[in-house]
Amino acid sequence: MNWSVLGPLLYLIYTADLPTLANSTTASFANDTAILTVHEDTTMAVHRLQIHLNKIQSWLKTWRMKANEAKSVQVTFTLNKMTCPHVTLNNVHLPQADEVKYLGIHLDRTLTWRKHITTKLKQLDLKLRNLYWIIGRKSQLSLENKLLFCEVIVKPVWTYGIQLWGAASN
């Protein structure tokens, strides 16, 4: 595959005027965008989200771009069991989900990190199985180099996104 160095820069320039609102947070990385609204009343949070989505929909139309509604979901982060009103994008109801994966981090509705931790454990297990020949008991590699392997290959898998864990539910 031929990756353009200018591609990401041109995309950032092209989307620099993506609408933002005071009551919401927009997080973008490459072509992945997440919108977060916060309010004690979930109905009000959803209302703010819909206002922001309407502005983005207008912006998309102006710039002749199309959002992929099939890849878009609505997640309400709450400990309440109730479901929130739906939001729409291009007159399509976005499906409500109990979890979402954003930039490799699995966020569940109650922010327990259960899915994220389970996924990371599976990734670590696979990595350790693949590396056993070089870091296992019978390996001729020195302990210092085995630790270096773990520091460089294993630790990044486990610690990716750890800064967010402070917001974890009990």
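## Basis

The model is predicted: local features need pLDDT of at least 70, side-chain atom pairs count only at pLDDT 80 or more, and totals for chains, interfaces and linings use all residues. Residues are numbered from 1 along each chain as its sequence is written, and side-chain values use heavy atoms, without hydrogens or water.

## Helices α3 and α4

Helix α3 spans residues 114–135 and helix α4 residues 143–159. They pack at an angle of about 160 degrees, with axes 9 Å apart. That makes α3 roughly antiparallel to α4 (angles over 145 degrees). The crossing of α3 past α4 is right-handed (the near helix is turned clockwise from the far one by less than a right angle).

Contact means heavy atoms within 4.5 Å. On the α3 side, the residues include Ile117, Leu121, Leu124, Leu128 and Leu131. On the α4 side, they include Phe149, Ile153, Val157 and Trp158. The contact residues divide into 13 nonpolar, 1 polar and 3 charged.

## The aromatic pair

The count is 1 aromatic pair (ring centres within 6.5 Å, using the six-membered ring of Trp). The rings of Tyr14 and Trp63 have centres 5.4 Å apart and planes at 65 degrees, so the pair is edge-to-face (planes over 60 degrees apart).

The pair links distant parts of the chain, 49 residues apart. Tyr14 lies in helix α1 (residues 6–14). Trp63 sits in the loop between α2 (42–62) and β3 (88–89). Tyr14 is partly exposed at 36% relative accessibility. Trp63 is partly exposed at 35%. Partly exposed lies between buried (under 20% relative accessible area) and exposed (over 50%), with a 1.4 Å probe and protein chains only.

Terms used:
Axes are lines fitted to C-alpha atoms, for helices over the stretch in contact, and angles run from 0 to 180 degrees between N-to-C directions. Helices (H or I, at least four residues) and strands (E, at least two) are DSSP runs, numbered from the N terminus. Angles under 35 degrees count as roughly parallel, over 145 as roughly antiparallel, 65 to 115 as roughly perpendicular and the rest as oblique. Ala, Val, Leu, Ile, Met, Phe, Trp, Tyr, Cys and Pro count as nonpolar, Asp, Glu, Lys and Arg as charged, and the others, Gly among them, as polar. Rings of Phe, Tyr and Trp (its six-membered ring) pair if their centres lie within 6.5 Å; planes under 30 degrees apart count as stacked, over 60 as edge-to-face and the rest as tilted.
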